[in-house]
Amino acid sequence: MKILLIIILNISILYNNIISQDADKIDSIQYTAEYMLTFRSDSTNRERIRMEEMSLLIGSKYSCFLSTNQINREQKVKEAVEKAIALGETMDMRGIPKPRFSYMIYKNYPKDKITTYDIIIGAGFHKYEENKKLFKWEIINETKEISGYKCYNAKTSFGGRTYIAWFTPEIPMNDGPYKFNGLPGLIIDIKDTKDDYHFELRNFYKQKEKDYIVLSTFDYIKVSPCEFKEIRKNCLNNLKTIMQESEFQVSEGQMELSIEKHRKNSNYIELE
Amino acid sequence: MKTTRLFIILFLLFANEVFAQKKIYGYIIDVNGNAISDVNVLLLSIDSSLLFDFSITNEKGYYSINLPKKAKFCIINIKTLYYKTVYRYIENSEQKIDFKLQKRENRLKEVIVKSDPIFKQGDTINYIVDAFATQEDRVLADVLEKMPGIEVGSNGQVTYLGKPIEKYYIDGLDLLEGNYNIANKNIPHQAVSTVQVLENHQSVKVFKDFFSSNSVSLNIKLKKKTTFASTVNLSAGIPFLLHDINITPMLFTKKQQMLFSYQSSNTGNDIQNDLKSLSINDFVNSVENHDYLDNFFYNENSTPFFETSERYLFNNSHIGSVNYLARLKNDIHLRINASYYTDKTQIDRTNSNYYYFDNDTIDIEEDLQREIFTDNFNAKFTIYSNRNKGYLKNVFDIKFENTQQNDELLVNNESFRQSFEIPFLSFSNRFHLIKPVGRKLISFYSFTNYNESPQHLNIDQGVINQLINNSTNTGFVQNAKLTVLNSNNYIEMSHRIKNSIFSFRGGMKYQTKQTFTNIYEKQGAILSELDTEFQNKVNVGGEKYYIELKQQYNRRKLKFDFNIPFVYQKIYNKNGINNYSITANHLFIQPEAYIEYKAFEKIKLRGSFNYKKNFETSNTNTGYILRNYNFINRGVNDIDLEKKSYSGKLNITYESPVYSFFVTGGYYFSKLLTDYLIQSYQQTSGEIINEIVPIPNNTSANTFYLRTSKFFPKTKTTIFLNLNHSIKEQTNYINEVVLLSETNQTTINPKIYIQISKKMRLELKSKIIYSMANLTNNNLFSYLQNEYFTTIKYYPSKKQYLSLTFDYHNNSAINSDYFFIDAKYQFSYKYIDFELKWRNIMNTTEFSSYTTNQNYVNYQTYLLRPSEFLFSVKFSISKLD
């Protein structure tokens with residue numbers, strides 16, 4: 001996480017003129033669905049269970065799924081950079097919470113596509129497009145009431161995992177957490193059969209104050225989904241070299257700890 | 001346009017015939033004939049328990065659903081955000097149905113799911129404060145005590161599963177260290193979002209990847225980034241012009257935190273407690289470094305066992321406290337904690353002691369009226385930086401205290417007076433630096449303390465005549481002075497190899513302690529020195545050189561620590577009265593071990609053991625020292641008296657935040673072996689003379705315990721149950737007879753907070769103690785002590801609150817029954833609470849207690865506060881940005 005932060009910081013200072021642009025507002029948020037994600041990031045240590053608050057911002061045309069701490073993070077970082085430059089101080093990032101996931105998933109942007117913006121540790125900003133119809137859902141005829149909503153059950157395979165989803169037609173949006181979509185109602189609860197990733201709806205509410213779904217002002221390199229996974233894999237294997245070559249001076253011990261940490265956290269949601 | 005649509009329909013009609021499965025299909029359009037895309041079309045069974053199939057319309061508004069094989073009829077359900085919802089019964093046959101949707105904005109059912117009241121993230125357990133708060137709660141401490149797993153002691157100490165917390169962070173910052181009670185009692189609970197219990201919390205960041213910690217800390221997470229809050233509480237009452245004032249403003253931001261407090265009370269509210277450190281670490285540090293006041297006098301200030309001091313404390317106290325923390329550049333923190341306390345307390349009690357010997361019993365009746373005047377000033381200046389790159393902390397601490405105590409006594413019908421004056425001055429500085437060097441950590445620690453205490457005792461007559469053997473005097477005066485200089489310095493190096501951390505610590509402790517005492521005989525206004533038997537001029541001290549080898553292993557479920565300190569102790573004793581001088585040295589090994597195993601995520605097993613052996617140097621005053629009107633003692637020249645101790649602990653913990661259920665249980669033992677025994681000569685006059693005799697002996701204690709608690713979120717009910725059983729054995733040497741005493745005590749302590757209805761809450765608490773003591777070989781004493789507390793809380797409206805508390809106390813040994821009723825009514829107007837309290841409605845003004853001790857039983861009767869009325873105006877401002 002630390003290295004990730006350093007990379008973000010570095011880029012934000014380098015691209016200071018880009019940062020001074022306003023973020024691109026692509027849609028206004030109509031509803032927000034907040035999910036709690038419980039996950040096992042380390043497949044070798046099943047006891048290491050982490051939690052992260054995630055948000056699905058639903059606009060009239062598009063939706064954006066991201067870590068709640070990632071919302072407006074760029075803006076906050078930008079302000080911190082500007083303040084640091086103005087006052088000639090070191091950056092104060094303490095008030096800005098760190099997300100555990102750097103991805104931002106835009107559904108239906110462009111139309112019928114899903115665009116994923118993500119940061120690869122060691123390689124920087126990347127984005128890729130996928131077809132929105134990624135999922136073949138199989139209905140399992142079970143119903144259950146979750147948080148007061150009547151829910152139906154469906155099953156799908158994705159990224160090397162099998163998922164069981166509960167969705168409610170009472171919220172007539174064919175959307176869900178992560179890339180999941182295509183069910184006739186919002187996905188309230190979805191988890192994989194290994195119980196590595198589990199999204200549960202905590203809050204769902206109509207947007208009261210005007211707010212927007214924004215696009216990042218950073219330059220994200222466009223790649224294909226396969227390329228993305230390939231780059232990520234290469235970077236992970238060569239993290240040490242990448243870090244040694246970077247201009248940041250990190251002690252050997254700290255570097256190894258950090259590499260070890262990233263290796264351990266490689267139980268990604270999409271295995272294949 | 002129309003022709004193409006027709007064409008598509010025709011095509012699809014045709015296509016459908018090709019497929020075996022029958023379908024329902026069609027178009028969804030709005031009133032203007034425009035296609036609506038992304039609409040969910042569901043095909044449900046008639047009772048809508050089954051979802052047969054669904055379709056989402058494409059940009060042309062087209063849908064197509066497979067029909068089920070069995071059902072005769074189905075329902076088509078179309079629900080959207082901006083159009084009227086459609087339900088239509090259809091026959092199970094292939095057909096084309098188009099829908100024209102009417103515009104209407106639908107309100108979706110919103111859900112704000114309350115998070116679980118307790119949830120775990122790694123080693124952090126989060127308690128959502130709002131889930132535990134009830135109408136009458138005002139400050140955090142009120143809510144904290146209802147959280148399962150957490151308990152707040154009567155002195156304010158917070159424990160988690162019986163373990164006292166090490167740090168009390170407010171939004172991650174350590175403003176108050178161990179003196180957190182002042183914050184806990186004054187932060188409005190509305191300002192707090194979650195209380196986090198940080199298990200295995202390593203407070204030193206550099207240590208994080210090195211040493212794991214076994215301690216528990218608390219973090220108070222505030223709702224807003226900037227919180228300004230203030231508690232203002234003004235109370236007045238009758239009789240005796242009662243007042244209770246508390247003005248505590250505080251400000252918490254990311255950059256600075258401050259808390260100021262002025263409190264004043266003569267209502268029995270023990271506000272001094274707010275200034276006491278409740279951290280075990282502070283206590284251990286203080287004992288190790290000996291920076292506390294060594295009081296020559298035996299001040300038996302016992303209090304009756306009430307949960308609240310408001311029953312018995314006749315005080316008149318004022319406290320002022322200033323706490324400020326600033327976070328500067330580079331994560332440097334500056335902190336000032338200063339406090340002043342002044343008090344006048346009165347105690348009125350009778351004391352009956354029955355001493356049991358083989359063939360004899362002595363009865364001493366003592367009637368005591370005591371006034372204690374206290375002035376305490378304490379200031380602490382801290383600078384610290386706690387970063388991953390390094391750790392630095394320096395604390396400079398000044399204490400200035402003065403206690404003056406005047407006693408009026410009536411002992412076996414003889415009356416006289418005694419007075420004590422105990423000033424205390426102490427300066428100390430603690431410096432700690434830790435730096436990582438590659439994979440190693442290097443730390444440097446230095447502590448220095450100087451303290452002095454000139455003490456004065458004045459007795460009119462007194463009971464010690466027998467020893468001094470002069471009946472013509474009119475009393476005694478004792479002047480004493482104690483000067484102590486301490487220092488402890490070490491260097492530590494730690495290195496990580498795979499899953500183990502190895503560390504080496506080498507250091508030196510130095511201490512010198514000078515004692516001067518002199519007892520004078522009074523003949524009217526003339527003071528005359530007694531012989532040298534009643535004087536002390538002792539200088540005891542020495543050095544301890546130590547090397548500690550530590551290994552800490554930590555891998556997944558298993559964790560263990562070993563620590564083997566080698567201590568080379570060199571001590572000297574220079575006695576200026578008998579010109580005696582002696583030195584001694586010895587090498588001691590003091591191993592410690594700790595093991596922790598995690599099983600099934602929720603279960604933790606822990607065990608620890610330690611062994612200690614060292615010289616005991618606290619009994620080197622060869623001249624008699626007066627400790628009370630009836631108590632005099634002296635020690636021996638020898639300094640090579642050895643003290644050995646073993647102790648061990650076993651603990652099993654089960655934590656289930658999901659079910660809000662916590663259990664911990666275990667066993668601990670300690671055994672102390674000494675080369676010497678305190679011989680006590682107890683005279684029929686009540687006089688006690690203690691001397692040291694070289695008889696090896698041992699003392700042991702064994703305790704079994706179980707603590708469990710569960711919270712039921714729907715009814716806001718919490719149940720606690722604590723069980724404790726202890727066995728203590730001790731050797732006493734009294735009037736030249738060696739006596740063994742054994743005490744068995746069982747304590748059962750259930751507690752329940754229950755919401756009976758929306759308007760009523762009930763709190764039931766009880767404490768049952770069964771004690772059996774075998775004081776001498778023949779005398780058996782047992783008693784059963786019962787205490788029951790019932791509080792009924794009634795809320796007639798959201799602005800009103802009424803509570804009635806009943807408590808009942810009974811002790812079988814003295815056949816006493818005590819019954820108390822307290823009433824409280826509170827009315828809230830906006831942010832202001834008006835409160836009316838009627839305490840001790842039954843006007844019970846005396847209370848007796850019974851305890852057993854060594855070879856005697858003790859009956860004490862205390863004077864209690866009478867029936868009192870108090871009217872209070874309270875408001876707590878909590879402004880959030």
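pLDDT is the predictor's confidence in each residue, on a scale from 0 to 100. Residues are numbered from 1 along each chain as its sequence is written, chains are lettered from A in the order in which they are written, and side-chain values use heavy atoms, with hydrogens and water left out.

Let us begin with chain A. Its mean pLDDT is 81, and 86% of its residues reach 70 or more. Residues 1-20 of chain A are another matter: pLDDT stays under 50 there, although the model has 36 contacts (heavy atoms within 4.5 Å) beyond four places in sequence for this stretch. Where pLDDT is low, the predicted coordinates should not be read in detail.

Among contacts in chain A between residues at least 6 apart in sequence, 59% join residues at least 24 apart.

Now to the partner chain. In the model, 43 residues of chain A are in contact with 43 residues of chain B. The area buried between them (the accessible area, 1.4 Å probe, that the two parts lose on being put together, summed over both) is about 3,800 Å², and carbon and sulfur atoms give 51% of that. Across this interface the rule finds 3 residue pairs in polar contact, both residues at pLDDT 80 or more; such a contact is a pair of N or O atoms within 3.5 Å, and within protein one must be able to donate a hydrogen and the other to accept it, while residues adjacent in sequence count only if both atoms are side-chain atoms. On the side of chain A that touches chain B, β1 (24-39), β7 (138-146), β8 (149-158), β11 (197-206) and α6 (252-264) each supply at least two residues. β11(A) gives the most, with 6 residues.

Finally, a look inside chain B. Ser872(B) sits in strand β51 (residues 868-880) and is buried, with a relative accessible area of 3%. Its side chain makes a polar contact with the side chain of Ser235(B) at 2.8 Å. Beyond four places in sequence, the residues that Ser872(B) touches include Asn233(B), Leu234(B) and Phe834(B).

How values were computed
Helix = DSSP H or I, 4+ residues; strand = E, 2+ residues; numbered from the N terminus. Buried < 20%, exposed > 50% of the residue type's maximum accessible area, 1.4 Å probe, protein only.
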